[in-house]
Structure formats: structure tokens, C-alpha cells
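Dear colleague,

Please find below the structure that I am handing over to you.

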Amino acid sequence: NACDSLKILCAYKKMPLPEIGASVTFAPLSEDAPSITFTRRVPDESTSTTRAAAERERAAAAAAAAGVSGLGLEGGGGDGSRSEDTSTTKEDEETRREEEDEEEDDDDDEEDVRPSTPPADLSEPSWKSPSVLRRAKRRGNNAGKTQPTPTRPPRQPPRVVITPAEEASHLETWTVAALCRCLSLENILLVLNGALLEKQMVVLCPNLGELSACVLSVAALLRPLRWQSLMLPVLPQDMISFLEAPVPFVVGVQHKTSEVRRCTKDLSRVNAYKDTVKLRGHTPALPRLKELSAVLRPLHYAVQVAMRGSRRHPIAEPSGEARIAARAFLSAWREYLAAVVANLRAYAITEVNADEERVSILLKDSFVDSFSRTDRAFMRAFCET
């Protein structure tokens, strides 16, 4: 049991340390109990612990030769034996600590990758242990290696939302300049007349740039009003049957084929290449048409003159003079259009329904009667759109 083991150990501690290979026999328990024999074996120098024990044996032999007490080797009593065992325990503990440091060094090779600054000269004496110096040296070697930095996903550009007013402002200069170069003033006023009355208009031109500009200029010239129906700068050939749709539209067609002639015989046609406009159905003239023509004619001529020198440039990049002349033409037309609808709010009744929505009702007859007799036909058709 535990008590017997303790008695055996204490009795062995009091005995002198035998020579290597010698045996000692004693009976620490009782006279009736069997005796116990211990044999001191030759140490194995294959491990670090046995090597340390061999070194201690050689040091003890050298000390005995020099006349120093044998530290228990020649019957130095219980005190010498206990001092020998105490020194052995301390050296074993130091050996165990060195082995643990070596295991920590192996773990640092795999886990510790943080860069650090190594000592200036590792060969100089230092109070640090060898394991600390080796770890610092490995960290110094890793410091020169570039560590991969985490890559962030590219930032998405903010979404740009263009309002109809901004879209019209971007289109107004070059589209109006191209329209004035392709069509005469009379034909431009016919196109605007058909757009205000929501006609079904087809623009024909083999040049894609001029074709798109003529169609898109309608949106810029109608401001502050807005085209509520369909507008296509270029209609694909496989969608020609769309021209038979019973809705208002302004559509551009590049090639005038036999199928296009068949589908557009009852529609309003604008030939930008030949400068001709044909509106179908009853189309009353614009209000105060003579006064409007007198104001716009010199401005239209200025645009045409400025555009003559820019035929070599792309249609969307007119010269500076052409842009200035186009803005002047557009400003004069918008003043006229604003004057036509200036009294529109005065003849509208606004109510708020149960859902708190504002509903406006236009008094058409009263609004039409506010114009002269010659202009009432157009205004009556305009109020129906």
C-alpha cells in the first residue's frame, strides 16, 4: 500500500549510494517481511536525461580523485545521498524545461507568423535563453516576407438617376441643331403641330445620326410638356408591324421598304432626307402662326449657317456657334409654348378625394373660348390630348 511504499523510500534514502552495477539488500518493513534488493544499473546515453546522469558520474569521479567527498559514492552517509538526489532532481527539471522550450519552438514555426525585429547581433552574450533567441531569429527572417493583404471587393459606382428634365437638357442643343439643319422652319412647325396633337408620326432618314436627332428633338421641344406615349429613335426592321398599333408614337425608320410604305400610308410621314412633311387627318394651324414664324425665322437661319461648317463633325458634337444658335431657337419656341398654356391653371378645378389625392378637372370650353376664333380649332384639339 501507500504507507509501505513510503517506508521503503525513506529507508532507501538513508542508505549509502551503491556503485554502478552493485546491489543493496535491506528489510525496511519488518523482520517477517521479505527483504528488498535494489541494483544500480548502467545508464543509457541515448537520451538527454541519461547523458546528463553520465556527466554527473564523471564529475563525481573527478571530484573523488581530487580529494573531495564522494557525495555518497563511498558511504558518505544519508546527507550525501540526499544532496546527490536533490541535485539530480534539479537537473532533470532543467532538462525537462529545455525539451518543453524546443516543443514550443516547433509550434511557433507553424503558428507564429507575426513579423518582429531580431536582435542586433545574436552571437553576443545575452540574458535570454537560446530558445528565445532562436524564436527571434526566425521572426526576423519572416519579417522580410510580404504578408498577403486581404483584398476588398471593388466599390460599385453610385447609381445615377436622370430626371426627364435633365434628359431633355442633355438632348436639347445637338438634337435641335440637327433638326434645323435637316428641315425647314415650316416643316419643323408642322412636326411640332403633330406632336402637340399626338399624331402617329414616322421619321424617315438613311442617316442614323440625323434620324435619331430628329426623333429625340421632339422631347426637348415639348418642354415644359412631356410626351406620354411611345418614342423610338430607330425602329428595327423586324418590328415594322408595330406601325399598325393604334396609339400615338414618334418612330424613326432608316430604310423605306415596300412593307414600310404599306404600313405608313395612313400615318404622318417626316422625310428628313428630302425635307418633306405630310400630316394625315385634319390638322389645324398653330395659334398666332405668322407671329411665331417671324420670330423663329432668323434664329433658324442662324442655326443652319452655323451647322454648315460642322458637317464633318459627329452629329452629337456641333460647333460652339451652332449650340448658341440652337439654344436661342429653343428659348424662343419655349416662350411661345409657355404663353399658349399660361392660363391653363386658371381654368382647372382641383379637388381632394377620400384617399387624399389631388384631382384636377379642366374646364375645356372656358379655356378654349379664351383664345381668338382663328386659334380655337387648334386649342380644342389640343385639349383632347
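A pocket is defined on a 1 Å grid over the protein atoms alone, as an open set of points where a 1.4 Å probe fits, with protein on both sides within 12 Å along at least five of seven lines; lining residues have an atom within 4 Å of a point. Grid points are joined across faces, edges and corners, and a volume is the space filled by probe spheres set on the points. By these rules, the volume of the largest pocket is about 670 Å³.

This is a predicted model, in which local features need pLDDT of at least 70 and side-chain atom pairs count only at pLDDT 80 or more, while totals for chains, interfaces and linings use all residues. Residues are numbered from 1 along each chain as its sequence is written, and side-chain values use heavy atoms, with hydrogens and water left out.

The largest pocket

The lining comprises 19 residues, and Leu225, Val341, Leu344, Phe382 and Thr385 are those nearest the centre of the pocket. Two or more lining residues come from each of helix H6 (185-196), strand S8 (348-352), strand S9 (358-362) and helix H12 (376-383). Helices (H or I, at least four residues) and strands (E, at least two) are DSSP runs, numbered from the N terminus. By class, the lining has 12 nonpolar, 4 polar and 3 charged residues; Ala, Val, Leu, Ile, Met, Phe, Trp, Tyr, Cys and Pro count as nonpolar, Asp, Glu, Lys and Arg as charged, and the others, Gly among them, as polar.

Phe382 belongs to helix H12. With a relative accessibility of 12%, Phe382 is buried (buried means under 20% relative accessible area, exposed over 50%, partly exposed in between, with a 1.4 Å probe and protein chains only). Leaving out residues up to four places away in sequence, Phe382 touches Leu196, Leu197, Leu225 and Val341, where contact means heavy atoms within 4.5 Å.

Aromatic pairs

The model contains 5 aromatic pairs. Rings of Phe, Tyr and Trp (its six-membered ring) pair if their centres lie within 6.5 Å; planes under 30 degrees apart count as stacked, over 60 as edge-to-face and the rest as tilted. The pair of Trp333 and Tyr336 is tilted, because the ring centres are 5.4 Å apart and the planes stand at 40°. These two residues are 3 residues apart in helix H10 (residues 320-340), so about one helical turn separates them. Both Trp333 and Tyr336 are buried.

Phe367 and Phe371 form an edge-to-face pair, with 5.4 Å from centre to centre and 80° between the planes. Phe367 is buried at 0% relative accessibility, and Phe371 is buried at 13%. Ring pairs also bring Tyr347 into a cluster with Phe367 and Phe371.

Backbone features

Most residues other than glycine have a negative phi, and most peptide bonds are trans. Arg223 and Pro224, however, are joined by a cis peptide bond with omega of about 10°. Pro224 sits in the loop between helix H7 (208-221) and strand S4 (230-232).

Glu198, which is not a glycine, has a positive phi of about 55°. Glu198 lies in the loop between H6 and strand S3 (200-204) and is partly exposed, at 35% relative accessible area. Asp275, also not a glycine, has a positive phi of about 60°. Asp275 lies in the loop between strand S6 (268-271) and strand S7 (276-278) and is partly exposed, at 28%.

With kind regards
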